[in-house]
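Dear colleague,

Please find below the structure that I am handing over to you.

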Amino acid sequence: MLLLTGAASAAGDTHSLNWLQTVAFAGHQTDYSGVFVYQYGNRVETSRITHVVETDGEYEKLESLDGPKREIVRHHGQVWVYDNHKMVQVDSRHGRGRFPSLLPEQLSALSGNYRVKEDGMQRVAGYNAQVILFQPRDSLRYSHKIWAHTDSGLLLKAAVLDDMSRVIEQYAFTQLKIGGDIDRSWIAPNSAAGQHGAGTRVLNRTSMPVNSGWVADALPTGFNKIMEVKRPMRGKHAPVLQLVFSDGLSAISIFIEPVDDDEDDVDGLSSRGAVNLYRKVIDKNLITVVGEVPPRTVMQVLDSVRYNSR
């Protein structure tokens, strides 16, 4: 009986992972346009997103509908941000996946760190959705729940849950059009940069891959380093070292910079939604750990950071 139960569970995991492959593919290959909300704590932010696939790749436009105007256009690894009445090209090689393309393309490592299972059917923004739950295998990461359109696989809703199954943050479409006649006027005739050509300037934030010798000994199992760079950052007097680790679903970044006595360089823990930040000065270096993981995890990771002299 135990063998049969184990075999059934493995088959369920495989089926759920197949679903995730469909979701990851749909986020890049589906034409859609809609409005989604991002909620954390008492905050609600509303955005409009348009995504289309052309012969030369994906185009995506994200517009904030609350507060000051903010617009981001992405195409073929390049990013433009509407800033001070101009479109500014910025470095695009950083940052986590974006709703509804949150899922990584490499999903094979997920089953080692999470139990993945289907959790029923629901409706989101008028579409039928398959619910899939990721439950962590330890207490050092959050649970994740996603709602995938049953026909296209497009991600319609995503939530991060704490260890009491309470929602910490979530994204959800409230209006959505999938396929059909999606407005493309914003990419014609010469792509995002060309559209705003006269006012476009390039913001130079070049990142340099490095192997610095800094290590973290207490990362949760399954978090592997995917990037280590030194790069300029706004408000910093010198380039900042950044190490990025991922378990296939969540990421942890470690930032290391010389102490410059700025007022912002203070020790402590802060949070925004599911993202927790912890910083501390160690041997004249300000070390900051940021991750979509519980507070205990960012504190554990920071306390294990050290320079491995070679």
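Predicted model: local features only at pLDDT ≥ 70, side-chain atom pairs only at ≥ 80, totals over all residues.

Two strands are said to pair if DSSP finds at least two bridges between them. Helices (H or I, at least four residues) and strands (E, at least two) are DSSP runs, numbered from the N terminus.

Residues are numbered from 1 along each chain as its sequence is written, and side-chain values use heavy atoms, with hydrogens and water left out.

The chain as a whole

The protein chain contains four helices and 21 strands. Of its 310 residues, 45% count as buried, where buried means under 20% relative accessible area, exposed over 50%, and partly exposed in between (1.4 Å probe, protein chains only). A contact means heavy atoms within 4.5 Å. Among contacts in the chain with a separation of 6 or more, 51% come from residues 24 or more positions apart.

Seven strands form an open sheet in the order 13-15-16-17-20-19-18, with antiparallel pairing. At its edges are strand 13 (208-209) and strand 18 (268-272), each of which pairs on one side only. Helix 4 (residues 295-303) packs on this sheet and touches strand 17, strand 18, strand 19 (275-282) and strand 20 (285-291). The direction of helix 4 makes about 25° with that of strand 19; axes are lines fitted to C-alpha atoms, for helices over the stretch in contact, and angles run from 0 to 180 degrees between N-to-C directions.

Within the sheet, strand 16 (residues 240-246) and strand 17 (residues 251-258) pair in the antiparallel sense over six bridges. Here Leu-241 stands opposite Ile-256 in strand 17. Strand 18 and strand 19 are joined by five antiparallel bridges, and Arg-272 has Val-275 of strand 19 as its bridge partner. Their hairpin has two residues between the strands, and Gly-273 takes a positive phi near 60° there.

Strand 19 also pairs with strand 20, in the antiparallel sense over seven bridges, with Val-281 opposite Leu-286 in strand 20. This hairpin has two residues between the strands, and in it Asp-283 takes a positive phi near 50°.

Two individual residues

Is Lys-284 buried or exposed? Lys-284, in the loop between strand 19 and strand 20, is exposed because its relative accessible area is 72%. Not counting residues up to four places away in sequence, Lys-284 touches Glu-257, Pro-258 and Val-259. The C-alpha atoms of Lys-284 and Pro-258 are separated by 6.2 Å, although the two residues are 26 residues apart along the chain.

Glu-63, by contrast, lies in strand 3 (residues 57-64) and counts as buried because its relative accessibility is 18%. Leaving aside neighbours within four places in sequence, Glu-63 is in contact with Thr-46, Ser-47, Arg-48, Arg-70 and Glu-71.

Yours sincerely
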